[in-house]
Amino acid sequence: MSKAISDTQPSAPMPLPEDLELAPLVEQALAFARDSGADGAEAGLSVGNGLSVRVRMGEVDTLQQKRDHGFSITAYFGQSVGSAGCNQLQPEAIRAAVEAACAIARSTAPDPCNGLAEPQLLAWGPADLDLYHPWDLNPEPAIDLARSCEAAGLGHHASIGNSEGATLSTRSSVRCYGNSNGFLATTRGSHHSLVCVMVAADDTGMQRDYWTTVSRDPACLESGESVGAEAGRRAVARLGAATIDTCTVPVVFAAPVARGLIGSLLGAISGGSLYRKASFLLDHLNQSVCSEHLDILERPHIPAGLGSAAFDAEGVATHDRELVEAGVLRGYLLGSYSARKLGMRSTGNAGGAHNVLVQSRRTLGLPALLARMGTGLLVTELMGQGVNMVTGDYSRGAAGYWVQNGEIGAPVEGVTIAGNLKTMFTQIDAVGDDVDTRSHILTGSILIEQMTVAGS
């Protein structure tokens with residue numbers, strides 16, 4: 001059994017500033033804004049360290065070590081707002097950014113929806129969600145890990161003679177946010193990943209595919225050997241891919257691409273899309289938008305979750321929510337500004353959704369899901385951006401496998417799948433138990449009853 005990727009190096013904190021070094025700078029910025037005449041202000045300061053190495057055909061292609069920091073300030077003069085930032089942490093640079101934000105605010109038109117989040121919504125005393133697992137990884141061990149990952153892919157099969165590389169990335173950061181309502185909090189986070197892309201070839205042509213592992217904790221990453229081998233297996237499996245005749249059939253979106261479908265739904269219920277009237281789910285609150293066996297939940301407090309957060313970008317506390325319940329839309333994703341535009345209140349989603357879970361009362365293992373589909377297309381890759389968020393029209397290039405009588409058959413490429421998202425969500429027939437945890441959207445494979453597959 002291969003070692004977990006983190007076994008090669010101990011995990012220890014990377015050198016980041018202590019919380020108390022950041023909080024006084026944020027407080028100082030807020031005081032600068034107040035002294036400049038601002039009625040209110042909010043400020044954020046972040047510092048991060050990172051290492052990224054890419055190896056291709058055994059040679060180091062890219063090696064980057066980063067230490068970055070940034071400061072942002074938003075000042076409110078009545079209902080007028082101005083924002084500015086800088087990438088320096090010296091008090092004089094912060095003061096200059098504050099002055100710039102105030103100058104902008106003085107010259108902008110008022111908007112009654114501008115303003116800080118309501119104090120009663122803020123996350124006073126936020127919980128520790130176990131988001132910080134730094135990885136003290138030096139360049140040479142990182143290069144060795146990437147090389148071993150790529151070597152496992154290249155050695156998987158004789159048809160693999162080329163690679164687009166293996167990339168190992170690690171980052172740790174600390175951020176302090178505060179506003180003039182008295183809120184001040186510091187959070188730490190980490191993010192680690194390894195991705196490998198393999199190229200296979202035979203007399204039918206060349207095919208590429210990849211695999212990746214992602215986690216906040218390096219101890220939870222898949223081994224480099226398993227990532228490389230899976231990338232190789234997937235590339236070889238696509239050899240001989242061809243198009244198919246145009247047809248209307250059931251379609252299974254494999255878990256890694258199914259989260260894109262759910263992402264479209266989240267975009268449609270986000271405040272910016274709604275108040276701009278640029279959503280196919282406009283005015284659908286408390287209406288059926290999905291199959292009745294489907295629930296979509298937001299769970300922001302999962303320990304070490306990739307989308308976990310105790311509060312949003314405005315300091316508003318996050319809470320467990322049911323976005324879709326038995327197919328019925330129960331909630332939007334709102335920050336303070338969009339909430340006011342819609343005559344509602346913030347849902348703690350300034351900056352986006354947090355840990356979205358797709359659950360179904362019709363959950364099946366992937367073999368059973370394919371058996372339920374019978375004959376159709378298993379989609380493993382999507383291309384293009386053919387999603388109209390206003391109408392819900394959906395048309396994207398796709399690749400995957402033809403499924404016959406529930407069994408995976410020949411690889412398919414050069415097709416386009418088309419439908420309308422409003423119909424597709426109501427035609428979700430079942431969801432797989434093969435949940436992909438490498439994103440803040442956690443879903444298994446999704447079976448759609450019927451879509452148009454355009455081929456030859």
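This note comments on the strands and pockets of a predicted model.

1. **The hairpin of β1 and β2.** Strand β1, residues 40-56, pairs with strand β2, residues 59-77, in the antiparallel sense, and 17 bridges join them. Within this pairing, V53 has L63 of β2 opposite it. The two strands form a hairpin with two residues between them. One point for the student to locate is M57 in the turn, where phi is positive, at about 50°.

2. **The hairpin of β2 and β3.** Strand β2 also runs antiparallel to strand β3, residues 80-86, and seven bridges join this pair. S72 has G85 in β3 as its bridge partner. Here too a hairpin is formed, with two residues between the strands, and G78 takes a positive phi near 65°.

3. The strands of a sheet pair through backbone hydrogen bonds, and the pairing may be parallel or antiparallel. In a regular strand, side chains alternate between the two faces of the sheet.

4. **An open sheet.** Five strands make up an open sheet in the order β10-β9-β8-β11-β17, and the pairing is mixed. Its edge strands are β10 (328-329) and β17 (441-442), each of which pairs on one side only. Strand β9, residues 321-325, is joined to β10 by two bridges in the antiparallel sense. In that pairing, V324 stands opposite L329 of β10.

5. **The largest pocket.** Which residues are closest to the centre of the largest pocket? The volume of this pocket is about 920 Å³. It is lined by 37 residues, of which L131, T187, R216, S308 and A309 are the closest to its centre. Strands β4 (160-179) and β5 (184-202) each supply at least two residues of the lining. Sorted by class, the lining of the largest pocket holds 16 nonpolar, 13 polar and eight charged residues.

6. **The second largest pocket.** The volume of the second largest pocket is about 380 Å³. Among the 20 residues that line it, R233, R234, A254, P256 and L366 are the closest to its centre. Two or more lining residues come from each of β6 (205-215), α4 (224-237), α5 (255-268) and β13 (376-383). Which element gives the largest share of this lining? Helix α4 does, with four residues. By class, the lining of the second largest pocket divides into 10 nonpolar, three polar and seven charged residues.

Conventions: Residues are numbered from 1 along each chain as its sequence is written. This is a predicted model: local features need pLDDT of at least 70, side-chain atom pairs count only at pLDDT 80 or more; totals for chains, interfaces and linings use all residues. Side-chain values use heavy atoms; hydrogens and water are left out. Two strands pair if DSSP finds at least two bridges between them. On a 1 Å grid over the protein atoms alone, a cavity is a set of points where a 1.4 Å probe fits but cannot get out, and a pocket is an open set with protein on both sides within 12 Å along at least five of seven lines; lining residues have an atom within 4 Å of a point. Grid points are joined across faces, edges and corners, and a volume is the space filled by probe spheres set on the points. Ala, Val, Leu, Ile, Met, Phe, Trp, Tyr, Cys and Pro count as nonpolar, Asp, Glu, Lys and Arg as charged, and the others, Gly among them, as polar.
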